[in-house]
Amino acid sequence: MPKLQSAAELEKYRAEILARRDPAKPCIAVCVGAACDGMDSAAVAAAFVAEGGKLGDKIEVRTTGCHGYCEKGPNVVVTPGDICYFEVQPTDVPEIIAATLKGEVVERLVYKDPNTGAKAVHMNEVPFYKHQTRLLIGDNPKIDPMRIDDYLAVGGYAALVKALTEMTPEQVLDEVKKANLRGRGGGGFPAGSKWETTRNAPEKTKYVIVNGHEGESAAFMDRAMLTGNPHKILEGLIIGAYAIGAQKGFMYTRHDMPLLEKHVRNALAQAKEYGLLGQNILGSGFDFECELHFDVGIFVSGESSALMRSIEGNAPEPRPKYIRTSVNGIWDKPSNLNNVETWANVPQIISKGAEWFTSIGSEKSKGTKLISLSGNVVNSGVVEVPMGTPLRTLVFDIGGGVRDGKILKAIHFGGAMGGSIPADLIDSPLDFDGMSKLGAPIGAGGLLLMDEDTDMVEVARYLMDFLVNESCGKCVPCREGMQQMLHLLTNITRGEGKPGDLERLEDLIEVTGVASLCALGKTSGDPLKSMFRYFKPEYESRISGGSAGK
Amino acid sequence: MSEQTIDGIIEKYRGQPNSLIHALVEIQHENHWLPRDVMHKVAAALQVPFAQVMQIASFYKAFSLTPKGRHEVHVCTGMTCHLRGAAKLRAKVEELTGLKDGETDADSRFTYETGACLGSCSIGPELIVDGKHYGRMTPEKIEDVLKQYE
Ligand SMILES: Cc1cc2nc3c(=O)[nH]c(=O)nc-3n(C[C@H](O)[C@H](O)[C@H](O)COP(=O)(O)O)c2cc1C
Ligand code: SF4
Ligand code: FES
Ligand code: FES
C-alpha cells in the first residue's frame, strides 16, 4: 500500500474499497472478543473459513471484536439483515452457511425470550440490543480489527480528514469544548478544558496519551473497544494531538492481553503505512507518531501521574496532585491523558458536530456511556446507552434482571473505588454527578448486580483486599490504613467483629481519605462508606450476631 | 527463547537507566521469567544497581523471578468471577495441584497464579490455562481440563 498523500487520495481509496464490496454478498461476522474466545469461538471461525472456502467467493467470513452480548457467545452476526446467532458451535456452521445462501434463517440459533419464548432474529429486535444506542461499539461486528480497510469502509478517518483540511486546531478544540465531552475514565472531567490547558502550556514538546489500562475489576468495555476497533481510538488521538499541538502519542495498556496487543500493534503499523501517522499526515504538514506501552500489572498504574511515570520507564508511583500532568507530565512536558472511551468519542464529535452530540444524554452528561454489565445479571456484556438512561433499563430491559430468579439486592458501580446502592434506587438515571451523589460513582463503567444472597460485608472486604494488593505502598496512610480496615473487615466476616469496630472503620476511612497521596488511597473507603449509608444494619447484626445475614 | 533476543533487548537500552522497566517488560514478555544472570546483564548494561533491578522485578506482578512450569494455570479473582464462585475454583485447583498462588510444582508441570480480570467476565468464573480460557467453570470440571496438560 503506497502512502496516502492527501485527503483526496484517502477519499478515492475509500471509494475503491466500497466499490469492491457488494453489500448483497453475505458476510458472516464471528466474534473472537475476550468472552467469545473463552467459549472457543476461534473454532467456530475456523469452521466458517473452512466451509466458506469451499464455496469460492460466495460468502465472506470476518473475525471481529466484541459484539456486546458476551453472555451468549460464541456470537455470530450475518449481514445483510444483521441476523444474530447465539451460542454457535462449529457443528452449526454448515447449517448456517446453507441457510444464508438461500436467504433463510436458522431458527433454532436465534434469540428466544426465556419467559415468553418469543423469537428475535435481527439485531434491532433482540432485547439486549434494542434498548441501546450503539454509537461507539456498534461498528465492532463490521470490522476485522486487523484490517484498516474495514474501518475505512465504515467511514473511518473521515473525521481526521475533516479536522486536518477544514478546521484549524482551535476550531477542533472549540468543537470538543462545545460538545461538553466529559472524561470516561472515572472523573468525568471536561476533556476540552484539559486539552486547552495542555495546548496553552508554553513548552513546545507535548504529548497525548490513551489510558487503556482498565484495571478496574469487572470493567471490560475499554478493552472491548481497543481490541475490537483500535483505529477509532487512534483516530480520536490523532485529532486530539492536532488540536493540542502534540507531536507524539502513547497508547498505554495491559501487558496480559495478547489479542489486544496484536491488534493495537497492527493498527499502529497500518496507520503508518497508509500515512495516517508519521510525517506530513495526508499532506497537511502535521506530524504525529504513536508508541505502544505496557503496564506492570498493578492497578495504580492507571492513575494519571503513575501512568506517566511508567511511560518514562520509572516505577508507577503517583505524584502529588499539585503537579498537574496537563502541564508537567511525561518528562515534565505538558501531557494530555484521556481514557479509551473518551478518545473514541472524538471522531464522531468532529464529523457530526457538537450540537448533534449534546442532543444525546442528560443535562450535564452528554453522549452515550459504555457499561460493562456483569455480576449476578442474566445478560452480561458490553452495553452502550445514552447518559441519563435509568438504571432500570440497564438492569432489566437490557440485562434481563437477576440470574436464577433471585431478587436484586444492590447495584455496584465503579469497582474498588466505587460504591453500592440498594435495589430501591433502581430508577436513578445514569449520570456522572447524580451517581456520585448517591455514593456509587460510575467510575470507568463497571456495573455489577448483586443478588439477595450477597454478603455485603464480604463485598467490602473483597474490595479492600484488592486495593491493599494494588497500592503502590508509597504513602503510609494508604498502606497502613487499608491494612487495618482489611483486618477489621476480615474479622467481621468471620463473625469475630467487636463493638466499636464500625466506629473504628469510620475513623480509618476518614484518615486514609485525607492523608493519602492519590485517589486510590483517598477513595479506598468509598465502597465502605456506601455500605454504611445503605447497608449498615447488616454490618451491625454481623457484629452482634456473627452469622452471615441476607 | 534465544539468548540473542534477550541480548538484543538489552542492547537497545544500553546506557539508559530510565528504561529499566521497559527492558524488563520486554524480556519478561519474550522469556516468561527473569533469570538472575539476565538481571545482572541488565544492571550492567543500563547502569543501574543490581539491587534496584531486583526491587522492581520483585515488586510488580508482571515479572516472574522463577522459571514457569510448562503450563500456566490462572484463576481469575476479579469481582465478577468472585461473585460467581472463583473461591471454589481456587480451592479445587490448589487441592489438585498441591500449589499455592504463585508456585510451580517440582516437575515444572504447572505454575499456578490467581489474578486480575482478563475482560471475559461474562463467562466467569474462569480458569485459564496457557492463555486458553475455560469459561463457566465448575470445580467438578477442573480435573478434566488439567488432565489435557502434561
Ligand atoms: C488508582 C487509579 C486507577 C485508575 N485507573 C484508570 C484506568 O485504568 N483507566 C482510565 O482511563 N483511568 C484510570 N484512572 C483515572 C485516571 O487517573 C485519569 O483520570 C483518566 O485516565 C483521565 O481520562 P479521562 O479524563 O478521559 O477520564 C485511575 C485513577 C486511579 C486513582
Ligand atoms: S495513596 Fe496508595 S496508591 Fe496512591 S500513592 Fe499513596 S500508597 Fe500509592
Ligand atoms: S466477546 Fe463476543 S460478544 Fe463480547
Ligand atoms: S472478573 Fe473474571 S474475567 Fe473479569
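Walk along chain B from the N terminus and its elements come in the order α-α-α-α-β-α-α-β-β-β-α. That gives seven helices and four strands, where helices (H or I, at least four residues) and strands (E, at least two) are DSSP runs, numbered from the N terminus. The model is predicted, so local features need pLDDT of at least 70 and side-chain atom pairs count only at pLDDT 80 or more, while totals for chains, interfaces and linings use all residues. Residues are numbered from 1 along each chain as its sequence is written, chains are lettered from A and ligands numbered from 1 in the order in which they are written, and side-chain values use heavy atoms, with hydrogens and water left out.

Let's stay with chain B. Its C-alpha trace spans about 50 × 30 × 25 Å along the principal axes. The chain splits into domain 1 (3–59) and domain 2 (71–147), with bounds that come from an automatic or database domain assignment. The C-alpha centres of these two domains of chain B are 30 Å apart.

Now look at a helix pair in chain B. Helix α3 (residues 36–46) and helix α4 (residues 50–59) of chain B have axes that come within 9 Å and cross at roughly 125 degrees. Axes here are lines fitted to C-alpha atoms, for helices over the stretch in contact, and angles run from 0 to 180 degrees between N-to-C directions. α3(B) and α4(B) are therefore oblique to each other; angles under 35 degrees count as roughly parallel, over 145 as roughly antiparallel, 65 to 115 as roughly perpendicular and the rest as oblique. On the α3(B) side, the contact (heavy atoms within 4.5 Å) is made by Arg36(B), Met39(B), His40(B) and Ala43(B). From α4(B) come Phe50(B), Val53(B), Met54(B) and Ala57(B). Sorted by class, this contact of α3(B) with α4(B) has six nonpolar residues, one polar and one charged. For the sorting, Ala, Val, Leu, Ile, Met, Phe, Trp, Tyr, Cys and Pro count as nonpolar, Asp, Glu, Lys and Arg as charged, and the others, Gly among them, as polar.

Further along chain B you'll find an open sheet of four strands, ordered β2-β1-β3-β4, with mixed pairing. β2 (110–115) and β4 (132–134) of chain B are at the edges, each with a single partner strand, so one side of each is left without a neighbour in the sheet. From one strand to the next, the twist averages 20 degrees. Strands pair if DSSP finds at least two bridges between them; β1 (residues 71–76) of chain B and β2(B) have six, and pair in the parallel sense. In that pairing, Val75(B) stands opposite Thr114(B) of β2(B).

Helices lie across this sheet too. Helix α6 (residues 86–97) of chain B lies across β1, β2 and β3 (127–129) of chain B, and runs at about 150 degrees to β1(B). Helix α7 (residues 139–147) of chain B lies across β1, β2, β3 and β4 of chain B, and runs at about 5 degrees to β3(B).

On to chain A, which is divided into domain 1 (24–129), domain 2 (156–180 + 190–358), domain 3 (368–451) and domain 4 (467–543). The C-alpha centres of domain 1 and domain 2 of chain A lie 33 Å apart, and their contact takes four residues from domain 1 of chain A and four residues from domain 2 of chain A.

Chain A has an open sheet of four strands as well, in the order β9-β8-β7-β10, with parallel pairing. Its edges are β9 (289–294) and β10 (335–339) of chain A, each with a single partner strand, so one side of each is left without a neighbour in the sheet. Six bridges join β8 (residues 248–253) of chain A to β9(A), and Met251(A) stands opposite Leu292(A) in β9(A).

For a helix pair in chain A, take α7 (residues 158–166) and α11 (residues 230–244), whose axes come within 9 Å and cross at roughly 10 degrees. That makes α7(A) roughly parallel to α11(A). Among the residues that meet here are Leu160(A) in α7(A) and Ile238(A) in α11(A). The contact of α7(A) with α11(A) counts eight nonpolar residues, no polar and one charged.

Finally, some backbone details. A cis peptide bond joins Gly73(A) and Pro74(A), with omega about -10 degrees, and Pro74(A) is in the loop between β2 (60–64) and β3 (76–79) of chain A. Glu87(A) has a positive phi of about 50 degrees although it is not a glycine.
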